[in-house]
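Thanks for coming. I have one structure to go through this morning, and I will keep it short.

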Amino acid sequence: MQLLRDFSHYLSLQRGLSSNTVEAYTRDVRHLLEFISSEPCLREDDQPADDPWMRVNIADVSPADIQAFLANLHDLGLTRASQARCVAALKSFFRYLLSEGHISADPTLLLESPKAERLLPDVLSVDEIDAMIAALPSEKEETCRNRAIIEMLYGSGLRVSELCDLRISHISIRDGMAIIEGKGAKQRLVPISPGAIEAIEEYLNQRRLGPIQPGEDDILFLNRRGRRLTRVMIFYIIRQLADLAGICKKVSPHTLRHSFATHLLEGGANLRAIQQLLGHESIATTEIYVHLDSTQLRRQLLLHHPLYRTQKSKAPKS
């Protein structure tokens with residue numbers, strides 16, 4: 001559908017959204033059109049056999065249609081965060097159609113987004129992160145690369161997508177800094193830890209000996225075939241190392257980013273500085289770490305304050 005392609009270009013070129021966001025928004029709109037045209041929604045292959053939405057008249061889409069679609073997503077068990085993203089995608093789509101004159105009224109005008117759940121993320125201790133690095137098998141060729149990956153995720157707080165797209169030309173070994181391209185193609189400057197610098201230098205020496213596919217010359221992290229690592233591959237690497245280290249928590253690349261921010265806050269770092277390092281557009285996103293840190297502070301209070309210890313000792317035994 002040409003409108004969907006035009007919408008995708010609008011999100012990318014005019015709004016400057018990341019490729020992942022553009023893909024997610026476009027997919028959400030396609031699912032709405034499939035739902036309205038009575039096609040199965042959220043199929044596993046994620047690719048329609050034809051163009052069922054050609055039977056949909058965009059101007060006839062009503063608020064009731066959209067509410068029914070969102071109710072269906074809720075019944076399918078999508079998280080609040082996914083539902084909120086879908087609402088944002090639909091609002092963007094119909095505002096775009098309105099601005100281009102394809103519709104005369106916006107059916108999402110009164111649509112409210114579900115409040116996202118503020119769940120405290122799992123955080124690794126320094127000992128657990130050290131255990132993951134120690135679990136790297138010394139005999140494997142990719143060990144140098146994987147150590148550098150962990151050092152960058154935890155030492156600089158990168159998102160997994162930022163790690164995949166990290167360029168050699170954006171890294172200054174001498175200054176210990178890197179230019180990171182985050183969401184919406186926004187760039188920020190982040191420090192690189194001495195451990196990460198050492199790991200990157202060792203990996204670069206090894207990287208020169210392997211194959212490098214055309215167009216990937218400047219991409220830092222490559223697979224054995226010389227292509228950039230995918231998000232899925234990095235998830236697999238981190239999960240495997242956590243298992244080897246005997247960590248029972250649910251660990252992902254984002255866990256290392258959460259740990260980076262939490263450990264900074266525990267060490268006394270300013271929340272605004274953490275916001276800049278993480279590349280959060282809003283300070284409200286960063287504030288979740290305040291709640292996390294408060295939980296840990298309360299635990300320390302209960303364990304070590306004399307008054308609380310006294311009350312605990314006086315508690316009746318069962």
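First, the ground rules. This is a predicted model, where local features need pLDDT of at least 70 and side-chain atom pairs count only at pLDDT 80 or more, while totals for chains, interfaces and linings use all residues. Residues are numbered from 1 along each chain as its sequence is written, and side-chain values use heavy atoms, with hydrogens and water left out.

The protein chain has 14 helices and 3 strands; these are DSSP runs numbered from the N terminus, helices being H or I of at least four residues and strands E of at least two. Of its 318 residues, 41% are buried, meaning under 20% relative accessible area, with exposed over 50% and partly exposed in between (1.4 Å probe, protein chains only). Among contacts with a separation of 6 or more, 58% are between residues 24 or more positions apart, a contact being heavy atoms within 4.5 Å.

Now the inside. A nonpolar core here is a set of buried Ala, Val, Leu, Ile, Met, Phe, Trp, Tyr and Cys residues joined through side-chain atoms within 4.5 Å. The largest has 39 residues, and those touching the most other members are Ile149, Met152, Phe221, Ile234 and Ile238. At least two residues of this core come from each of α5, α6, α7, β2, α8 and α9. Apart from it lies another core, of 26 residues, including Val29 and Phe94. Back to Met152: leaving out residues up to four places away in sequence, Met152 touches Gly157, Leu158, Leu163, Leu166, Ile192, Ala196, Ile200 and Phe221.

Next, the second largest pocket, with a volume of about 320 Å³. A pocket is an open set of points on a 1 Å grid over the protein atoms alone, where a 1.4 Å probe fits, with protein on both sides within 12 Å along at least five of seven lines; lining residues have an atom within 4 Å of a point. The volume is the space filled by probe spheres set on the points, which are joined across faces, edges and corners. Of the 18 lining residues, Glu142, Arg145, Met233, Tyr236 and Ile237 are the closest to its centre. Which helix gives the largest share of the lining? That is α9, with 6 residues.

Last, Ala131, in helix α5. Ala131 is partly exposed, at 27% relative accessible area. Its C-alpha atom is 8.7 Å from that of Ile247, 116 residues apart along the chain.
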